[in-house]
Amino acid sequence: MFGYDHMAYGGLWMIIFWILVVIGIVFLIKYTVDRTSSRSEEPSAMDVLKRRYASGEISKEEYEEKKKELIS
């Protein structure tokens, strides 16, 4: 009565379990990679130049000169 049918359902549940484990691992890896890549974005040279000018580290003349160099 509980012979092969019971074993078939057990095998089915084991397959479903491993599929869910693999899906969980894939999502965990994707989440980790997405967080890492969003942090690693560095500001562009133009952003750094604008920040330096805004903070008073460089003069307007230096800013304009470096801006021309970056654009060309």
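These exercises walk through a predicted model, each with a worked solution.

**Exercise 1. The overall fold**

Find how many helices and strands the chain has, and state the order of its elements.

Solution. 
- Step 1: Count the elements. The chain has three helices and zero strands.
- Step 2: Read from the N terminus. The elements run α-α-α.
- Step 3: Helix α1 covers residues 4-39. Helix α2 covers residues 45-55, and helix α3 covers residues 60-71.

**Exercise 2. Burial and surface**

Solution. 
- Step 1: Take the cut-off. A residue is buried when its relative accessible area is under 20%.
- Step 2: Apply it to the chain.

**Exercise 3. A nonpolar patch**

Identify the residues that make the nonpolar surface patch, then decide whether F27 is buried, partly exposed or exposed.

Solution. 
- Step 1: List the members. They are Y9, L12, W13, I15, I16, I19, L20, I23 and F27.
- Step 2: Give the area. The patch spans about 980 Å².
- Step 3: Locate F27. This residue lies in helix α1.
- Step 4: Classify F27. Exposed means over 50% relative accessible area. F27 has 54% relative accessibility, so F27 counts as exposed.

**Exercise 4. Two packed helices**

Work out how α2 and α3 are oriented to each other, and which residues meet.

Solution. 
- Step 1: Two packed helices are described by the angle between their axes and the distance between the axes.
- Step 2: Read the values. Helices α2 and α3 pack at an angle of about 175°, and their axes are 10 Å apart.
- Step 3: Compare with the cut-off. Angles over 145 degrees count as roughly antiparallel. Therefore α2 and α3 are roughly antiparallel to each other.
- Step 4: Name the contacts. From α2 come A45, M46, L49, K50 and Y53. From α3 come K60, Y63, K66, K67, L70 and I71.

**Exercise 5. Salt bridges**

Find how many salt bridges the structure holds, and which residues are linked in a network.

Solution. 
- Step 1: Side chains of opposite charge can pair when their charged atoms come close.
- Step 2: Count. The structure holds three salt bridges.
- Step 3: Start in helix α1. K30 pairs with D34, with the closest N and O atoms 3.2 Å apart. The two are four residues apart in α1, so about one helical turn separates them. K30 is partly exposed at 48%, and D34 is partly exposed at 40%.
- Step 4: Move to E57. R51 bridges to E57 at 3.4 Å between the closest N and O atoms. R52 also meets E57 in a salt bridge, at 3.2 Å from N to O.
- Step 5: Join the pairs. R51, R52 and E57 are linked in a network.
- Step 6: R51 is partly exposed at 48%. E57 is partly exposed at 48%. R52 is partly exposed at 29%.

Note on methods:
Residues are numbered from 1 along each chain as its sequence is written. This is a predicted model: local features need pLDDT of at least 70, side-chain atom pairs count only at pLDDT 80 or more; totals for chains, interfaces and linings use all residues. Side-chain values use heavy atoms; hydrogens and water are left out. Patches are made of residues with over 30% relative accessible area and no salt bridge: like charges are joined within 9 Å, nonpolar side chains (Val, Leu, Ile, Met, Phe, Trp, Tyr) within 5 Å. Accessible areas come from the Shrake-Rupley method with a 1.4 Å probe; for residues, only the protein chains shown count as cover. A salt bridge is a side-chain nitrogen of Lys or Arg within 4 Å of a carboxyl oxygen of Asp or Glu. Buried means under 20% relative accessible area, exposed over 50%, partly exposed in between (1.4 Å probe, protein chains only). Axes are lines fitted to C-alpha atoms, for helices over the stretch in contact, and angles run from 0 to 180 degrees between N-to-C directions. Angles under 35 degrees count as roughly parallel, over 145 as roughly antiparallel, 65 to 115 as roughly perpendicular and the rest as oblique. Contact means heavy atoms within 4.5 Å.
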